[in-house]
Amino acid sequence: MTTAPRAMPLRLLPVALVLLLAALGLLLLLGQPRPWTLDLGKSGDSRFFYGFYNAEQGVNEDFRWTGRSSGLMLHGAPAGAFQLELRLNGERKASLDDPIIRLVQRGQEVARFPVQTGWRVYRVLLPPGAALGPDGNPAPLEIISATSRP
């Protein structure tokens, strides 16, 4: 009868491991901050950008075209490094000799990437403080390209 108490925990070990892994997975999933999304073209978006044209309606979404001097003001951006995801149409820029988008803050280039034709999603890792000024408040993140700065 001394073997029965030891056999019981061994049979429950796989169940306990599954429950532990499920709890750990839920903790990781629920502990992740929700991604912050800014949809240019929707009402209430004007405090987050400058130099864009009026909103237009697309097939599935609203959008704005960049102007000669366009930029973003990322209110709520973290002080550390973060990923910025941009959905852009590079049709005009890709046809140029220099289809590069540069993101510049306070005269310093913080990121650059080439664009391609059509609507695409570009993911850019921005360094710490890329969207903040020295005082910790949002600072303009200029969008510079051959079409915006000839």
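Student: What does the accessible surface of the protein chain come to, and what share belongs to carbon and sulfur atoms?
Tutor: The model is predicted. Its protein chain has an accessible surface of about 10500 Å². The share of this surface belonging to carbon and sulfur atoms is 59%.

Student: Which residues make the nonpolar surface patch of about 420 Å²?
Tutor: One member is Leu13, placed in helix H1, residues 3-31. Patch residues need over 30% relative accessible area, and Leu13 has 44%, so it clears that cut-off while counting as partly exposed. The patch is made by Leu10, Leu13, Leu17 and Leu20.

Student: Is Asp45 buried or exposed?
Tutor: Asp45 is found in the loop between H1 and S1. Leaving aside neighbours within four places in sequence, Asp45 is in contact with Leu38, Asp39, Leu40 and Arg64. Buried means under 20% relative accessible area. Asp45 has 4% relative accessibility, so Asp45 counts as buried.

Student: What percentage of the residues of the protein chain count as buried?
Tutor: The cut-off is again under 20% relative accessible area. Applied to the 150 residues of the protein chain, the buried share is 30%.

Student: Which residues of the largest nonpolar core touch the most other members?
Tutor: This core has 22 residues. At least two of its residues come from each of S1 (49-52), S5 (82-89), S6, S7, S8 (119-126) and S9 (141-144). In soluble globular proteins, nonpolar side chains tend to be buried together. The members touching the most others are Leu72, Leu74, Leu84, Leu103, Phe113 and Leu126.

Student: How many bridges join strand S6 to strand S7?
Tutor: S6 covers residues 100-105 and S7 covers residues 108-114. The two strands run antiparallel, and the number of bridges joining them is 6.

Student: Which residue in S7 does Arg102 stand opposite?
Tutor: S6, residues 100-105, is joined to S7, residues 108-114, in an antiparallel arrangement. Across from Arg102, the residue in S7 is Arg112.

Student: Which residue takes a positive phi in the hairpin of S6 and S7?
Tutor: The hairpin has 2 residues between the strands. A positive phi near 50° is found here, and the residue that takes it is Arg106.

Key: Residues numbered from 1 in each chain as written. Predicted model: local features only at pLDDT ≥ 70, side-chain atom pairs only at ≥ 80, totals over all residues. Heavy atoms only, no water. Pairing = 2+ DSSP bridges. Helix = DSSP H or I, 4+ residues; strand = E, 2+ residues; numbered from the N terminus. Core = buried A, V, L, I, M, F, W, Y, C linked by side-chain atoms within 4.5 Å. Buried < 20%, exposed > 50% of the residue type's maximum accessible area, 1.4 Å probe, protein only. Areas by Shrake-Rupley, 256 points an atom, 1.4 Å probe, with all protein chains shown as cover. Patch = residues over 30% accessible without salt bridge, like charges linked within 9 Å, V, L, I, M, F, W, Y side chains within 5 Å. Salt bridge = Lys/Arg side-chain N within 4 Å of Asp/Glu carboxyl O. Contact = heavy atoms within 4.5 Å.
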